[in-house]
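The entries follow the order of the look-ups.

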Amino acid sequence: MSTGGGNKAIIAALSANLGIALTKLVAYLLTGMSSMLAEAVHSFADSGNQLLLLVGGKKAKRTADVDHPFGYGRERYVYAFIVSIVLFTIGGVFALYEAYHKWHEAVSGHGERPGTDQQWWWVPLLVLVVAIGMEGFSFRTAIGEANHTRGGASWVRYVRGAKAPELPVVLLEDFAALIGLMFAMFGVGLAIITEDARWDAAGTAMIGLLLVAVAVVLAIEMKSLLIGEGAAPERVRSIRDAIESEEVIDRVIHLKTLHLGPDELLVAAKIAIDTGDSGEEISAAIDAAEAAARAAQPDMELLIYLEPALDTGEAGADSIGHIRSGSGS
């Protein structure tokens with residue numbers, strides 16, 4: 001996935017979250033509803049996360065140097081992993097703390113009693129309705145951009161297998177935001193109807209648990225990318241076939257791949273040659289095989305290392321056997 005589509009979704013999400021965060025904060029200040037405070041903090045955290053994704057994308061474009069000869073492509077994974085930490089701590093943990101605090105106040109009778117007798121009781125409901133509309137627009141934008149690269153993969157497989165982190169992160173954040181708004185509507189609405197602040201605390205706790213769960217999923221996926229994932233099976237097969245299309249190369253003995261970034265792929269392979277092939281023929285075949293592999297993957301920048309060897313019948317092995325179940329390109 002090119003960064004263009006990801007950046008469009010990020011900017012749409014950032015614009016929506018900043019506006020939503022401010023309106024939620026105003027609603028909290030007017031009514032004291034903890035669900036609104038949790039949602040405001042959630043939206044501010046999401047806004048910070050989108051800025052982190054933009055920074056990561058910019059830093060990843062730096063050219064390779066002596067200290068980082070393979071470039072900085074994985075910066076995007078680092079910043080996406082930081083996003084999961086921010087979502088867990090500032091979003092999830094804060095919401096759970098606020099829920100506990102609000103519940104304690106409601107049980108002890110020290111908190112403000114919600115109800116329609118309050119002057120601004122309708123504000124949080126209006127804000128939540130508007131926020132659902134804005135988050136829905138952001139989510140639709142992310143879905144539209146993801147559909148350009150998703151193909152026929154399910155959404156779960158797409159999120160788990162995508163090598164570019166921006167769209168999966170925005171998709172999960174927007175999905176969590178919409179569900180969180182439903183939880184807030186549930187908690188605030190019942191609190192106003194029953195005049196029992198414990199419903200508000202319950203809605204806040206549900207938001208916290210949701211954010212913690214999404215943060216854990218993001219952390220697991222980004223950790224896998226940081227450790228290093230191989231190319232998808234279909235990419236490996238395509239590269240193998242391209243290399244083996246050269247006449248001088250009898251077969252690929254084994255081939256391994258590693259994503260240096262979402263659009264950068266390290267390819268290392270041992271290729272079988274005949275004893276009668278000259279050095280000049282082998283060199284020309286390697287150059288031709290590299291060109292064929294790059295032509296087979298026009299959307300990917302390939303860094304290729306091919307090692308010629310005599311064919312001793314060694315069984316082939318490549319990254320297909322080691323890739324995660326459900327990974328995609």
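I looked up Met-36 and, leaving out residues up to four places away in sequence, found that Met-36 touches Lys-24, Ala-27, Tyr-28, Pro-124, Val-127, Leu-128 and Val-188; contact here means heavy atoms within 4.5 Å. The model is predicted, with local features needing pLDDT of at least 70 and side-chain atom pairs pLDDT 80 or more, while totals for chains, interfaces and linings use all residues. Numbering runs from 1 along each chain as its sequence is written, and side-chain values use heavy atoms, without hydrogens or water.

I then turned to the nonpolar cores (buried Ala, Val, Leu, Ile, Met, Phe, Trp, Tyr and Cys residues joined through side-chain atoms within 4.5 Å; buried means under 20% relative accessible area with a 1.4 Å probe, protein chains only). The largest core has 42 residues, and Met-36, Leu-53, Val-170, Val-214 and Leu-218 have the most contacts inside it. H6 (166-194) is among the helices that each supply at least two residues of this core, and H6 gives the most, with twelve. Helices are DSSP runs (H or I, at least four residues), numbered from the N terminus. Apart from this core lies another, of 21 residues, including Val-236 and Ala-293.

Last, I searched for cavities (sets of points on a 1 Å grid where a 1.4 Å probe fits but cannot get out; lining residues have an atom within 4 Å of a point). The search of the whole structure gave one cavity of 30 Å³ or more. The largest cavity holds about 60 Å³, a volume being the space filled by probe spheres set on the points. Of its 14 lining residues, Val-159, Ala-162, Pro-168, Glu-221 and Met-222 are the closest to its centre. H7 gives the most to this lining, with four residues.

Terms used: Buried means under 20% relative accessible area, exposed over 50%, partly exposed in between (1.4 Å probe, protein chains only). On a 1 Å grid over the protein atoms alone, a cavity is a set of points where a 1.4 Å probe fits but cannot get out, and a pocket is an open set with protein on both sides within 12 Å along at least five of seven lines; lining residues have an atom within 4 Å of a point.
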